[in-house]
Amino acid sequence: MQLRKIRNRLFLAFFVSLLFVSVQATEKYAVSENGSIFCRAEQNGSEVAVRIYSTKLSGLVSSYTFPLRPKEKLKAIRLSPNGKYLEIITEDDLIYFVAAKTGIEAINFYTPGILKPALQRIFYSPDNQHLLYYNGIKLFLYTFGSENQAEEIKGAIGNPDLTRFDSKGEHFIVNHNNNSFYYRSDSIKKFKSVSCPDLKVDDQKNILIGYKFTRKDYSVSVFRKDKVSKLFTYSSNTLLHRISDSLQKTNADAYKKVKPKITFLGNAGELSPNGMRAASIIKIDNQLSNYILIDGYLSATYTLEELPEKTPTEIKWKTDSTLLITSGEKYFLGVISGSGLQIKPVKKPEDNKCEYSSDYSLCFEKGKHTVFSDVINGGGNNAVSKYSFVDYSGNSEFIFLKEKDKFYFLRSSETDSDTEPHLLGETKITGTQQFVESDAELPEGTKPMKPATFVNISDTVNLSGLKVDLVSAEMENGEIVLRVSLKDTNGNVYTGAATEKWLKIFCNLSLRKPNNLVRQISNFKITEGKKEKIPVRAITVALDFSGSMGPQRAQILENGIENFINKKRKEDYLGILKYDDKIKMQTEPDSVKKNLHHKLRKTSFSKMGNGTSILDAMDEAILSLSKVKGIKNKSIILFTDGLDNSSTLSKKEIISNALKYNIKINTIGFADWVDEEFLKSISQSTGGSYTRLYGTENMEWIFDDVLARGDNHYEIRFTPDTFDVSYSGVLNICGDKGFADTLLFSIKNIEVLKKELENPDLTDADIKPMVMTKEDKGNNLKPIENVKPMDNFSQVTNGSDTHEKPYGELLGTVNDSTQKEFDEIEFPNIKFVFDLTAVIKGTDEGIDGLVKFLKKHIEMKIEVQGHTDNKGDDAYNMKLSQERADKIKQNLVGSGIAASRINAKGYGEEKPVAPNDSEIGRTINRRIEFVLVK
């Protein structure tokens, strides 16, 4: 009996250990190149649970699940160099490319033209504006923020390992059949082909470096980067002659009158990552040892060092100053410094006893759990025996460790001290946790934002330099209303352009309707809005005071609010609230400046929380404004530096409440870790605006600026010829020599949005930004072509007049346009098993087109009609046709369409569409039809 108990316990322990191993096997890790972000992912069923940590904050900053396709298994994860994007890789080599902070898919790699979706390699540009991806057959370039998903780079790619960007991301290099091709990133324009298997870029010296090598010699060619014209070619033969002459003079007894013979061993002329040095292993006759040769060809210098082993060797650069040297079963690390070249034996990487960092400066011994801080000099070490190794950062500055279920990190600078590893803290959150490490990098080509300077337009203005900014766009009382501002590259905002003299600026307005028909709008009205004509308003400002703000930014933000109070109009009301994971209403809307200053209480950093409740803050702001009576012009300005992780309300509820009280929500997203689509979808659904803020220096005046830019705008109104749910269009601004700027926009009818929000099946994820401009990532808007500039403007005013047309006057046209779209659906020819309601497999394919239509037009209803032939009893046929119509209705409800929008009716044999005197005619009459009803 005792033996049986022991056996059962051993079996249970073995089973538990197997279960533990199988669970652990699914957990994957990734580290950003700079070590700022650590990611762990674990597959649970068909979902991958992702957790994102920050080493700067020493804690969890994001948590979400990402759905996989059925039967997919997680293979690995990778972070982009800056940690902004995450690659989720399956065992089928499919890559899901998502925003690391939210898990939202950033790029759809399944682009037409890619022969198979398996992606072999992804290359990021240093400026994070582009990436190249290789699918094993073709190479594609993706530009973030572009209208095109990806562009194929023509020609087969011979070696994707030799694909790279220059340090500025302006150009990239690809390889094909031992030739290198140099391209511009912005246009995929090929500059020139260079006859060499590899090409490197030195932006500091403005040169390209290409080389060829054999086992006997190598040559280096240097080109001008801007013109790709050859400056000179350098051959290793010249170097070998110099070395040979030197050896003959210094070793006269050994060589006498015979020149020493030098031969290359291994990969001759291996170039360092920056191309500044070439490394070779050479054999000198009459010498017992081999030598490593470091050729500083650009500086006409070389270093020759005897290797400790005489067997043939191979070399591989790890950094611009370190090399891994392989000699049979032995490995060495060579380090170039001011004192020359040091060579030190290192452990064999493949023996699984030592985990090296990418530059081989650190070694984590798995058995002893010891980190060596200086592999070359054998410097001090730090024993971390209770921790297991997880990963290094790409720059070798961070080591990530694990102890039981907790994760830690250690800086490489701390490895020779007694510093304990730093815990990556866990915070229980339901959504995502935001953080801001620094100001966001200003996108290339973007000038720093300045406070709006308003200038009256005059003949001295350079019209070709005009830019158009979209303030807001909406459908109001049956009209499309665009609000735009005109500015130049220096940030000046121009007023006074809504006069007959300046009509030439607004040279084209065209609309593309859902059926893709384009109408040029010649009858539109331009009204210039001015601050002094804006009616009394009530504003509540919501300030993000979560812990990521930090004390310095918190103080600047409060200074900005004090400035906003001072500049507000006497009659306007202002409310102020602060929020983290809780809401703190500092003052209800008040018009007296003295009261506002008194109630604005400064916040100490110690009282700033970790969570962020953006939606709950909006709800409190809406509540505060709903109490203000007698004022119709109400708005919210919300500032945030992160992601919503603590709100109890939904985006759907917030938008519904804002529309109910006619409150516009303006949002300001600061720095890197904000969800722009989330903020835009709320602002644009309520008629507000979204502002992207990159630097701290803008925070003091941004609130006043948001209002100022909105107050001084041009309102363009026009009535579409038909009533549709959504439209897209283009507004061109003309300069002295054609179009100066183009605004692309897409807009949804606000009345339809209100109805959509009443749909219980609508989720927050379904609510997308209503207005998309050409700068937005991932949009599919394209310019409307073949539209000539206009010179026919029916009405232009310079006041605050309104042009209203009752919404009800347009309702009569609903059926006309929508019916046409409905009729263009390719309905399936649904067939049933004889005498049954079971659908014959495959005959219902294509019903997704109807589902898509019904989800788009949520105000529409349909009737599903069942029909039979004339064989059989009339009553039986009527019953069978009803059951078949009910079956199709059931399928549509299963696809997410509300049952109340579908009427299923059987007509039996009452409505034949073909004679029933033949089998062909009877087959046609056995059918399902879909009819659009109002």
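These legends go with a few close-up views of a predicted model.

Local features here need pLDDT of at least 70 and side-chain atom pairs 80 or more, while totals for chains, interfaces and linings use all residues. Residues are numbered from 1 along each chain as its sequence is written, and side-chain values use heavy atoms, leaving out hydrogens and water.

**View 1. Helix α8, mostly under cover.** Here 8 of the 10 residues in α8 (676-685) are buried, meaning under 20% relative accessible area with a 1.4 Å probe, protein chains only (exposed is over 50%, partly exposed in between). Helices are DSSP runs of H or I with at least four residues, and strands are E runs of at least two, numbered from the N terminus. Phe 678, Leu 679 and Ile 682 are among the buried ones. The cover includes α6 (614-626), β47 (633-640) and α10 (750-757). At the start of the helix, a side-chain oxygen of Asp 675 comes within 3.3 Å of the backbone nitrogen of Glu 677. Just past the helix, Gly 687 has a positive phi of about 85 degrees.

**View 2. Glu 715 paired with Arg 483.** This salt bridge (Lys or Arg side-chain nitrogen within 4 Å of an Asp or Glu carboxyl oxygen) has an N to O distance of 3.2 Å. Glu 715 sits in β50 and Arg 483 in β39, so the pair ties together parts 232 residues apart in sequence. Glu 715 is buried at 12%, and Arg 483 is buried at 10%.

**View 3. Asp 869 and Arg 926.** Their salt bridge is 2.6 Å, N to O. The two residues sit in loops, 57 residues apart. Asp 869 is buried at 7% relative accessibility, whereas Arg 926 is partly exposed at 27%.

Terms used
Contact means heavy atoms within 4.5 Å. A polar contact is a pair of N or O atoms within 3.5 Å; within protein, one must be able to donate a hydrogen and the other to accept it, and residues adjacent in sequence count only if both atoms are side-chain atoms.
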